[in-house]
Amino acid sequence: MRNKIVAGNWKMNTIVRDGVALASMINNELKEVELREDVKVIIAPPFTHLTFVSQVVDNKKILLAAQNCATEDAGAYTGEISAEMLKMLGCNAVILGHSERRAYYGETSETLIKKTEQVIKNEMTPIFCCGEMLEQREAGNHFKIVEAQISEALFHLSEEDFAKIVIAYEPVWAIGTGVTASKEQAQEMHAFIRNFVKEKYGDKVAENLTILYGGSVKPNNAKEIFAEPDVDGGLIGGASLKADSFIDIIKAI
Ligand code: PGA
């Protein structure tokens with residue numbers, strides 16, 4: 001059975017003091033929530049918060065993710081943070097290839113091949129983001145774009161390593177815009193991704209693959225999106241910055 005995941009991507013928000021307070025609130029409110037065994041909750045604060053946040057959350061209930069990592073092991077790479085450094089801080093996962101990183105920091109399939117390898121080598125879960133821009137959907141190219149993003153960065157992996165990946169489908173036009181993909185649009189793309197993975201890696205890997213939806217998920221739309229058969233949870237931006245709304249989204253899974 002595949003895992004369900006609700007992951008909060010804090011992006012570049014909160015200073016440490018406020019981030020620790022937010023993590024504590026999420027941790028406290030989550031104590032009251034009965035989570036099914038297949039449900040995992042992840043938060044991805046900025047790098048600078050990870051040490052402090054790890055001290056205030058119950059790591060059996062809340063897993064920690066980073067929002068990016070370096071392509072290399074170590075060395076003269078000013079400003080970079082390696083996957084090993086993140087592992088040593090207690091991270092369980094790393095978000096890779098978010099559309100903001102692709103758009104503003106030149107992240108490409110080539111860099112993502114290396115980052116994915118770093119994350120897997122350090123025994124963390126890559127949360128690999130993909131998704132088309134509005135023009136690409138309007139031109140009818142959305143399936144092609146997502147197929148290329150996934151195959152270019154991930155299809156060199158062995159079956160064993162691919163089985164460690166979580167995919168997040170995040171249509172760029174839905175991120176931070178308040179416009180969510182309809183549940184039909186989300187389901188259609190998730191089913192497409194699962195099928196595409198099945199053709200490459202077979203039934204078992206495809207069936208066990210967790211595919212998250214991201215893009216303006218809020219407490220009032222989470223339930224209907226999560227109810228779709230190929231949607232296994234969400235990657236939540238804006239609504240993960242308030243404990244109440246994040247907890248409401250977790251309850252929707
Ligand atoms: P949003 O962001 O929920 O604010 O749209 C989602 C994301 O970028 O992961």
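Reader: Hi! Before we dig in, what should I know about the model and the numbering?
Author: It is a predicted model, where local features need pLDDT of at least 70 and side-chain atom pairs count only at pLDDT 80 or more, while totals for chains, interfaces and linings use all residues. Residues are numbered from 1 along each chain as its sequence is written, and side-chain values use heavy atoms, with hydrogens and water left out.

Reader: Great. In what order do the strands of the barrel run?
Author: The closed barrel has eight strands in the order S1-S2-S3-S4-S5-S6-S7-S8, with parallel pairing. Neighbouring strands of this sheet are turned by 25 degrees against each other on average, direction ignored. Strands here are DSSP E runs of at least two residues, helices are H or I runs of at least four, and both are numbered from the N terminus. Two strands pair if DSSP finds at least two bridges between them.

Reader: Let's zoom in on S6. How many bridges join S6 to S7?
Author: Four bridges, and the two strands run parallel. Ile167 stands opposite Ile211 in S7. On the S5 side, S5 (residues 125–130) and S6 (residues 166–169) also pair in the parallel sense over four bridges. There, Phe128 has Ile167 as its bridge partner in S6.

Reader: Which helix packs on the sheet around there?
Author: Helix H9 (residues 183–201) does, touching S5, S6 and strand S7 (210–214). The direction of H9 makes about 150 degrees with that of S7. For those angles, axes are lines fitted to C-alpha atoms, for helices over the stretch in contact, and angles run from 0 to 180 degrees between N-to-C directions. Contact means heavy atoms within 4.5 Å.

Reader: And S7, is that strand buried or exposed?
Author: Five of the five residues of S7 are buried, so S7 is largely enclosed by the rest of the structure. Buried means under 20% relative accessible area, exposed over 50%, and partly exposed in between (1.4 Å probe, protein chains only). Thr210, Leu212 and Gly214 are on one side of S7, with Ile211 and Tyr213 on the other.

Reader: What does S7 do on the S8 side?
Author: S7 and S8 pair in the parallel sense over two bridges. Leu235 in S8 is the bridge partner of Gly214.

Reader: Over to S1, then. How many of its residues are buried?
Author: Six of the six residues of S1 are buried. Lys4, Val6 and Gly8 are on one side, and Ile5, Ala7 and Asn9 on the other. S1 pairs with S2 in the parallel sense over six bridges, and Gly8 stands opposite Ile43 in S2.

Reader: New topic, the ligand! Which residues are closest?
Author: Of the 13 residues that surround the ligand, the closest are Lys11, His98, Glu170, Gly176 and Ser216.

Reader: Last one: where is Glu34?
Author: Glu34 is in the loop between helix H1 (16–31) and strand S2 (39–44), and counts as exposed because its relative accessibility is 78%. Glu34 and Lys251 are 217 residues apart in sequence and 8.8 Å apart in space, C-alpha to C-alpha.

How values were computed: A residue is near a molecule or strand if one of its heavy atoms lies within 4 Å of it.
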